[in-house]
Amino acid sequence: MSTTQSPAAPPAGTQPSATIGPDRGQLAARHRPKSHILRLLPVLILVAMLAVGCGAASERPPQETLPADAPIDHEFAGVIVDGLPEGGVQVWEATVGDVVSISVSADVSEELHLHGYDLYADITPDEPGIIRFTADMHGVFEVETHDTDTLVAMLQVSPA
Ligand SMILES: [Cu+2]
């Protein structure tokens, strides 16, 4: 019965190592794409974190400034009371090329953040946070605050 042994389990020492070679090669080929993704994973996570851009105050990028008399195409306003957006989360719409002003007031001091564009403004109970910018990329962007983690609005910027 020993003559019906399958080729997959050859008697030890009778097979040249060459038969192992292709198997190893196949294994390596099969595993290569996976390890490639695993190697890229930290980079992908980093890119995703940058895209979300919920950075700490100390990592604030320089703010885009518009001339005080720049014509505003859209003026959006939100109010936060007790950590909730008054009237619920709003949807604000603009088009690429529009000059947008976002003003959010709150009953506490807060940090306002426009995701994607990654623009910030400070809110105090006395002064709303105001972000003014030219909408130069399309997409849907969260307008939120960091201290109470309140989603104020989704800004939808359509392609021109
Ligand atoms: Cu944020």
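Of the 21 residues in the largest nonpolar core, Ile102, Val104, Leu114, Ile131, Val143 and Leu155 touch the most other members. A nonpolar core here is a set of buried Ala, Val, Leu, Ile, Met, Phe, Trp, Tyr and Cys residues joined through C-beta atoms within 7 Å. Buried means that 20 or more other C-beta atoms lie within 10 Å of a residue's own; with 12 or fewer the residue is exposed, and in between it is partly exposed, the C-beta atoms being placed from the backbone. Two or more residues of this core come from each of E1, strand E4 (99–106), strand E5 (110–114), strand E6 (119–123), strand E8 (139–145) and strand E9 (151–158).

All this is read from a predicted model, where local features need pLDDT of at least 70, side-chain atom pairs count only at pLDDT 80 or more, and totals for chains, interfaces and linings use all residues. Residues are numbered from 1 along each chain as its sequence is written.

Across the chain, 65% of the contacts between residues at least 6 apart in sequence join residues at least 24 apart. Buried residues account for 20% of the 160 residues.

As for secondary structure, the chain has 1 helix and 9 strands, and along the sequence these follow the pattern α-β-β-β-β-β-β-β-β-β. Helices (H or I, at least four residues) and strands (E, at least two) are DSSP runs, numbered from the N terminus. Two strands count as paired if DSSP finds at least two bridges between them.

On that basis, an open sheet of 4 strands turns up in the order E2-E1-E4-E7, with mixed pairing. Strand E2 (84–85) and strand E7 (129–134) are the edge strands, each pairing on one side only. Starting from the E2 side, strand E1 (residues 74–81) is joined to E2 by 2 bridges, and the two run antiparallel; here valine 81 stands opposite leucine 84. E1 and E4 run parallel and share 7 bridges, with phenylalanine 76 partnered by isoleucine 102 in E4. E4 and E7 then run antiparallel, joined by 6 bridges, and valine 100 has phenylalanine 133 in E7 as its bridge partner.

Two aspartates have backbone angles worth a look. Most residues other than glycine have a negative phi. Aspartate 118, however, has a positive phi near 55 degrees, and this residue is found in the loop between E5 and E6. Aspartate 118 counts as partly exposed because it has 19 C-beta neighbours inside 10 Å. Aspartate 149 also has a positive phi, near 55 degrees, and lies in the loop between E8 and E9. With 9 other C-beta atoms within 10 Å, aspartate 149 is exposed.

Then there is the matter of confidence. The chain averages a pLDDT of 77, and 59% of the residues score at least 70, pLDDT being the predictor's confidence in each residue, from 0 to 100.

How values were computed
Contact = placed C-beta atoms within 7 Å.
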